[in-house]
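I opened the notebook to work through a structure that is new to me. These entries record what I looked up, in order.

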Amino acid sequence: MPTMATATDRPGAAGAARARDLPDDRQLVGLDDGHLVPLAGGGHLHPAAAAAFEKLRTEARAAGFDLAVASAWRGYARQLAIWNGKLAGERPVHDDAGRPVAMADLPLPEQLAAVLRFSALPGTSRHHWGTDLDVYDASALPAGVKPALSPEEVAPGADFDALHCWLDERMAAGESHGFYRPYGVDRGGVAPERWHLSYAPLATRLAPRLTTALLLRSWEEGGQPAGLSALVDSLPALLARYVAVPEGWAGSRATA
Ligand SMILES: [Zn+2]
């Protein structure tokens, strides 16, 4: 199965990760990977999320879909490289319409807003938790072709629409084994990401633990993100806008 995993997405020797254990603070911010187990076909998740995902995958197969993982756990170092690369102009930044953003022409707060629309601040990515993953239907792609994770792929009638409609139905019926869409609707922060699923039974317990104090400690240990001067002043507002997700985990029914 094709995956987008890179060396930094692969945890080292998996310890004795146990389904009943919650990630500790360093794991919550992507600085430690001892809470993970490997998924069949690539990627890593918390054991409880991994077990639930395999059930969902089995049921998807029976419905005619190959529920595949584009990206599961991602560590702090990888998120820092993405973040710094975008702010340095070394990685492309796009607007909602898919047009390139001329970063060098923008003041720093607007640069940060453009990056935050599609990329999490290092330490705040839900992909650090081991509860969240990006999925696609591998049976809808030619062998070996990787998904782009773009809005076009998940639009009505597009390659992965049928899989996501099936997932919507499962979530609405309460039969998604705990998975929901934290970014299913546009609340003005992170752009809608239909491909991003989250394991609610764990994720809803982890989200409140991500405080500004923990985040500042993670930056100290893991390396400071670019744009830090503007970030520190507006951190509580940034966390509220880009990280917090409303309660009520049937994401397809989330209120605006
Ligand atoms: Zn994602």
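The entries below go from the overall make-up to single residues.

**Ground rules.** I am reading a predicted model, in which local features need pLDDT of at least 70, side-chain atom pairs count only at pLDDT 80 or more, and totals for chains, interfaces and linings use all residues. Residue numbers start from 1 along each chain as its sequence is written.

**Overall.** I looked up the secondary structure and found 10 helices and six strands. Helices (H or I, at least four residues) and strands (E, at least two) are DSSP runs, numbered from the N terminus. Next I checked burial: of the 256 residues, 39% count as buried. A residue is buried if 20 or more other C-beta atoms lie within 10 Å of its own, exposed if 12 or fewer, and partly exposed in between, with C-beta atoms placed from the backbone. I then looked up contacts, where two residues count if their C-beta atoms, placed from the backbone, lie within 7 Å. Among contacts with a separation of 6 or more, 71% join residues 24 or more positions apart.

In what order do the four strands of the open sheet run? I read the order as 3-4-6-5, with antiparallel pairing. Two strands pair if DSSP finds at least two bridges between them.

I followed the pairs one by one. Strand 3 and strand 4 are antiparallel over four bridges, and Val69 has Val135 in strand 4 as its bridge partner. Strand 5 and strand 6 (residues 196-199) are antiparallel over two bridges, with Phe179 opposite Tyr199 in strand 6. I also noted that five of the five residues of strand 3 are buried.

**The core.** Which residues touch the most other members of the largest nonpolar core? I found Leu45, Ala49 and Val135, in a core of 57 residues. Helix 2 gives the most to this core, with seven residues. A nonpolar core is a set of buried Ala, Val, Leu, Ile, Met, Phe, Trp, Tyr and Cys residues joined through C-beta atoms within 7 Å. Leaving out residues up to four places away in sequence, Ala49 touches Gly130, Thr131, Tyr199 and Leu202.

**Helix 10.** I checked residues 235-243 and found Leu238, Tyr242 and Val243 buried. Seen down the axis of helix 10, the buried residues fall within an arc of 80°, so they line one face; the arc is that of the directions from the helix axis to the C-beta atoms. The face turned away from the buried side carries the exposed residues Pro236, Ala237 and Ala240. Helix 4 (108-116) and helix 9 (228-233) are among what covers the buried residues.

**Two positive phi values.** Leu149 is not a glycine, yet has a positive phi of about 55°. Leu149 is in the loop between strand 4 (132-137) and helix 5 (151-154). Is Leu149 buried or partly exposed? I found Leu149 partly exposed, with 19 other C-beta atoms within 10 Å. His177, also a residue other than glycine, has a positive phi near 55°. His177 is in the loop between helix 6 (161-172) and strand 5, and is buried, with 20 other C-beta atoms within 10 Å.
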